[in-house]
Amino acid sequence: MAAIKKDKPYHSLFAGATAGAIEAFVTYPTEFVKTRSQFGGKKEGPIKIIKDTIRTKGITGLYSGCTALVVGNSAKAGVRFLTYDYFKQKLSDSNGKISAPRSLLAGLGAGMTEAVLAVTPSETIKTKLIDDAKRPNPQYRGLIHGTACIVKQEGISGIYRGLFPVMMRQGANSAVRFTTYATLKQLVQGTARPGQPLPSAITFGIGAIAGLVTVYTTMPLDVVKTRMQSLDARAQYRNSFHCAYRIFTEEGILRFWTGTTPRLARLVMSGGIVFTVYENIMKVIA
């Protein structure tokens, strides 16, 4: 029994990283459209962005910056599940159950950790690659070249642009998503299927609902994060609060929910895919 507990963190890390990589690749076009729609300037709808991108760059244009997100999402999900399981074990009761407030705290801790270790660098590079790709003469030739150029031009701080809003977003994301998922999972297992593992279809549905709730509660943080990581952010915004103030006063409060549709599509699918893949891998290896 002791050996199983010792291995469990590695199981969580592997299962989470695998789930994160699969989810990022499958859902990336929605992430591309969401990010493009959040940049400043003329407001563009999701359909127009897709049409213009395919017309000028081809179908592969919808995957600009994809490698950065796949690598980052794999690391992010691995860290997220590893740290969430750790915090959950520390905060759960003697029966292994965790209350909603404690699940919220565990998710917040997991989100903050992943923001620093994985999300901010990968999100910054992805955002800059997408921003660069829409220009007439892109300067970055791919993930490695783009990262090298960003570090050369801006230093290490260049790939940590928007750390504060990323920490806020990831903390809120994980807190809301894990709390919703854990609460619904315990509710279903406690009523419809006591003591039994949940089928993949139910796991997918619970994960999708968790993604839906997450989108609407954390969207403003996501918009500020994207603006702070764009190529011309340093020339426009002094900090995250100044960025949020300018968006609110110059573009209106609804601008904070720009990109909701593609992000909703991604996080609903993401929640279903990640939790389903994670739970099934854990059944096999744990």
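**Notebook: buried charges, ring pairs and cores**

I checked Glu-123 and Lys-225 first, and both are buried. Buried here is a relative accessible area under 20%, exposed is over 50% and partly exposed is in between, with a 1.4 Å probe and protein chains only. Residues are numbered from 1 along each chain as its sequence is written, and side-chain values use heavy atoms, with hydrogens and water left out.

**Entry 1: salt bridges**

I searched the whole structure for salt bridges and got 17. The criterion is a side-chain nitrogen of Lys or Arg within 4 Å of a carboxyl oxygen of Asp or Glu.

Helices are DSSP runs of H or I with at least four residues, strands are runs of E with at least two, and both are numbered from the N terminus.

Next I looked at Arg-227, which forms a salt bridge with Glu-251 at 2.9 Å, N to O. This pair also links distant parts of the chain, with Arg-227 in helix α7 and Glu-251 in helix α9 (residues 240-251), 24 residues apart. Arg-227 has 2% relative accessibility and so counts as buried. Glu-251 is partly exposed at 33%.

For a local case I took Glu-250 and Arg-246, whose side chains meet in a salt bridge at 2.8 Å, N to O. They are four residues apart in helix α9, so about one helical turn separates them. Glu-250 is exposed, with a relative accessible area of 51%; Arg-246 is partly exposed at 22%.

I then followed bridges that share partners. One network joins Glu-31, Lys-34, Glu-123, Lys-126, Arg-169, Asp-222, Lys-225 and Arg-263.

**Entry 2: aromatic pairs**

The search of the whole structure returned 10 aromatic pairs. Rings of Phe, Tyr and Trp (its six-membered ring) pair if their centres lie within 6.5 Å; planes under 30 degrees apart are stacked, over 60 edge-to-face, and the rest tilted.

Phe-81 and Phe-178 are an edge-to-face pair, at 5.6 Å centre to centre with 90° between the planes. Phe-81 belongs to helix α3 and Phe-178 to helix α6, so the pair ties together parts 97 residues apart in sequence. Phe-81 is buried at 2% relative accessible area, and Phe-178 counts as buried at 2%.

The rings of Tyr-181 and Phe-275 are stacked, because their centres are 3.8 Å apart and their planes are at 5°. Tyr-181 is in helix α6 and Phe-275 in helix α10, and the pair links these distant parts across 94 residues. Tyr-181 and Phe-275 are both buried.

Ring pairs connect Phe-81, Tyr-84, Phe-178, Tyr-181, Phe-275 and Tyr-278 into a cluster.

**Entry 3: nonpolar cores**

Which residues of the largest nonpolar core touch the most other members? Of its 17 residues, they are Ala-15, Phe-81, Tyr-84, Phe-178, Tyr-181, Phe-275 and Tyr-278. At least two residues each come from α1 (2-38), α3 (66-91), α4 (100-133), α6 (163-191), α7 (200-228) and α10 (260-285). The largest share, five residues, is from α10. I also logged a second, separate core of 12 residues, among them Met-219, Tyr-237, Ile-247 and Leu-264. A nonpolar core is a set of buried Ala, Val, Leu, Ile, Met, Phe, Trp, Tyr and Cys residues joined through side-chain atoms within 4.5 Å.

I listed the contacts of Phe-275 (heavy atoms within 4.5 Å). Leaving aside neighbours within four places in sequence, Phe-275 touches Phe-81, Arg-177, Phe-178, Tyr-181, Thr-203 and Gly-207.

**Entry 4: record and confidence**

Residues 101-187 are 80% helix and 0% strand, with end C-alpha atoms 15 Å apart. Residues 198-284 are also 80% helix and 0% strand, with the end C-alpha atoms 14 Å apart.

The chain averages a pLDDT of 83, and 95% of residues score at least 70. pLDDT is the predictor's confidence in each residue, from 0 to 100. Among the elements, α1 has the lowest mean (78) and α9 the highest (91). Residues 1-7 fall below 50 and, beyond near neighbours in sequence, have zero contacts in the model. Where pLDDT is low, predicted coordinates should not be read in detail.
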